[in-house]
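Welcome! Here is a short briefing on a pocket and some charged pairs. Have a look at the model first.

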Amino acid sequence: MMILEDLKLKTRKQHTRLHQHSLLRGITHSGYSLARYIQLLKAYYEIYSAIETVLLQRQSQFKLDFDYQTRYKLPWLQADLKDLESQPTMSHPTLAKATSGIITTPEQWLGAAYVLEGSTLGASVISACLQKSLRISPLFAGRFFNAYGLNTSKYWHEYQIFLASHPIVATTEITDAASQTFELFNKGLDFYAQ
């Protein structure tokens, strides 16, 4: 799967920056605060709302044989915020518009989906830490980081198969869209960290 290697290599810088973001830094440690967790969920709600809306629209437009609807993460974020007696806010001025410009071809769709689907892989580690430090569980305020639960590896494998089987016309489009999607995450988190 050469394209996966390209994606990892060409998005490493943005991926690393995301992991080091102030809203994520320390999430696996006991000192991570509930207030910061709520800010992170709000930021993710807005980011995922922008990206998933476009992914679902374009999936239909491009007639992609991949069921993203069952992978839709926004309801998890909404339920987690509700559990914590908080509401999602939609206040970033340009996030939704920027997202629609990133995903205009099937290849770009694959790149953006790579970021969202890949994000579920580390979520189980984060979920276990949040259960200990904040008493958050997959049934209370931790649905998003629980992701697909025991099916996470299976869903990731299905995405990899779809990526590998898709007739790839432009590898650069896929890797560029993945990089831009990571940048959207960073910009969204920056906005909420202020």
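The largest pocket holds about 600 Å³ of space. This is a predicted model, where local features need pLDDT of at least 70, side-chain atom pairs count only at pLDDT 80 or more, and totals for chains, interfaces and linings use all residues. Residues are numbered from 1 along each chain as its sequence is written, and side-chain values use heavy atoms, leaving out hydrogens and water.

**The largest pocket**
- A pocket is an open set of points on a 1 Å grid over the protein atoms alone, where a 1.4 Å probe fits, with protein on both sides within 12 Å along at least five of seven lines; lining residues have an atom within 4 Å of a point.
- Its volume is the space filled by probe spheres set on the points, which are joined across faces, edges and corners.
- The lining has 31 residues, and His15, His19, Gly118, Ser119 and Gly122 lie nearest the centre.
- Helix α1 gives the most to this lining, with 6 residues (helices are DSSP runs of H or I, at least four residues, numbered from the N terminus).

**Salt bridges**
- The structure holds 8 salt bridges (a side-chain nitrogen of Lys or Arg within 4 Å of a carboxyl oxygen of Asp or Glu).
- Glutamate 183 and arginine 17 meet in one of them, at 3.2 Å from N to O; glutamate 183 sits in helix α9 and arginine 17 in helix α1, 166 residues apart.
- Arginine 71 pairs with glutamate 117 in a salt bridge, their closest N and O atoms being 2.5 Å apart.
- Both arginine 71 and glutamate 117 are buried (under 20% relative accessible area, with exposed over 50% and partly exposed in between, using a 1.4 Å probe and protein chains only).

Note on methods. Helix = DSSP H or I, 4+ residues; strand = E, 2+ residues; numbered from the N terminus.
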